Amino acid sequence: MFPPIDELRAQVTARLAAFRRRQVPPAGGLRRAGVTVCVLEDAGRSPYVVVIRRSAKGRNAGQWALPGGRAEDGERPEDAALRELAEEIGVTGVEVAGLLDDFVTDSGFVITPVVAFGGRQEPVADPREVASVHAVPLERFLAPGVPRWRGELLQMPLGPSIVIHAPTGAILWQFAEVALRGREQRVFDVAQPHWTRT
């Protein structure tokens, strides 16, 4: 379904370069954060995206997420995304393909999603922040029934026990549409469930 990984990376990079991303300007009361949609390869060179389950303690306890976190003072959200990728799951030396739209959360964060390719690496969870690490094959993002809607809520059913809501679900939907399908898709108005507002 997908071309060889080098061709896929070039294709995704070109699509993201052509995408006019929505960038949220600095504003009082909004905190900056970055996440990484990280594409790795399994032993057979098949591409997958890393999703994590947050640890039972701390911010967003137990929720599905992408590796990422709050930007430190003076740090660009893109740099925060890659720093957190290394800290949370030990993935380093990635090649950034581009950025998706900034997403403003109900809890007052502006999340900048970075799409990156990291080759064959084995992600290892930092147990202080990450309960588990999961590989979602790229084909799953384009499967029938992905995404699906439950009332006004977007759901990304990405595995037998993986159902991801906004904001992470919205970011992954835009990744699927823009980076994988080459379509224009905005997600800034996707509703967030109440339990993600911590």
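Predicted model: local features only at pLDDT ≥ 70, side-chain atom pairs only at ≥ 80, totals over all residues.
P167 sits in the loop between β11 (162-164) and α4 (168-180). The bond that joins A166 to P167 is a cis peptide bond, with omega about 10 degrees.

**Helix α4**

How many residues of α4 are buried? The count is 13 of the 13 residues, so α4 is largely enclosed by the rest of the structure. The length of the helix can be checked too. At 1.5 Å a residue, the 13 residues of α4 should span 18 Å. The end C-alpha atoms are 17 Å apart, which agrees. Just after α4, G182 takes a positive phi of about 75 degrees.

Q174 belongs to helix α4. Is Q174 buried or exposed? Its relative accessibility is 1%, so Q174 counts as buried. Leaving out residues up to four places away in sequence, Q174 touches F19, L100, D101, A179, Q185, R186 and V187.

**The nonpolar cores**

In soluble globular proteins, nonpolar side chains tend to be buried together. Here the largest nonpolar core has 42 residues. Those with the most contacts inside this core are V12, V49, F141, L158, L172 and F175. Several elements each supply at least two residues: α1 (5-18), β1, β2, β7 (109-119), α3, β10 (153-159), β11 and α4. Which element gives the most to this core? The answer is α4, with nine residues.

L158 shows what such contacts look like. Residues up to four places away in sequence are again left out. On that count, L158 touches V136, R140, F141, V146, I164 and L172. Two of these partners, F141 and L172, are also on the list of residues with the most contacts inside the largest core.

**Two aromatic pairs**

The structure holds two aromatic pairs. The table sets them side by side.

| Pair | Ring centres apart | Angle between planes | Arrangement |
|---|---|---|---|
| F141 and F175 | 5.7 Å | 80 degrees | edge-to-face |
| W149 and W173 | 5.6 Å | 80 degrees | edge-to-face |

Why is the pair of F141 and F175 called edge-to-face? The planes of the two rings are at 80 degrees, and planes over 60 degrees apart count as edge-to-face. This pair links distant parts of the chain. F141 is in helix α3 and F175 in helix α4, 34 residues apart. F141 counts as buried, at 1% relative accessibility. F175 counts as buried as well, at 0%.

The pair of W149 and W173 also has its planes at 80 degrees, so it is edge-to-face. It too links distant parts of the chain, with W149 in strand β9 and W173 in helix α4, 24 residues apart. How does burial look in this pair? W149 is partly exposed, with a relative accessible area of 41%. W173 is buried, with a relative accessible area of 13%.

Apart from neighbours within four places in sequence, W149 is in contact with L154 and W173. P67 lies 82 residues from W149 along the chain, and their C-alpha atoms are separated by 24 Å.

**Where α1 meets α4**

The axes of α1 and α4 come within 8 Å. They cross at roughly 100 degrees. The two helices are therefore roughly perpendicular to each other. Which residues make the contact? On the α1 side they are V12, R15 and L16. On the α4 side they are V178, A179 and L180. V12 is also one of the residues with the most contacts inside the largest core.

**Backbone details in the loops**

A cis bond is also found from V146 to P147, with omega near 0 degrees. P147 lies in the loop between α3 (138-141) and β9 (148-150).

R45 has a positive phi, near 70 degrees, in a residue other than glycine. Where is R45? It is in the loop between β1 (31-41) and β2 (47-54). R45 counts as partly exposed because its relative accessibility is 48%.

Technical notes. Residues numbered from 1 in each chain as written. Heavy atoms only, no water. Helix = DSSP H or I, 4+ residues; strand = E, 2+ residues; numbered from the N terminus. Buried < 20%, exposed > 50% of the residue type's maximum accessible area, 1.4 Å probe, protein only. Expected span 1.5 Å × (residues − 1). Core = buried A, V, L, I, M, F, W, Y, C linked by side-chain atoms within 4.5 Å. Contact = heavy atoms within 4.5 Å. Phe/Tyr/Trp six-rings, centres within 6.5 Å; stacked < 30°, edge-to-face > 60°. Axes fitted to C-alpha atoms, helices over the stretch in contact; angles between N-to-C directions. Parallel < 35°, antiparallel > 145°, perpendicular 65-115°, else oblique.
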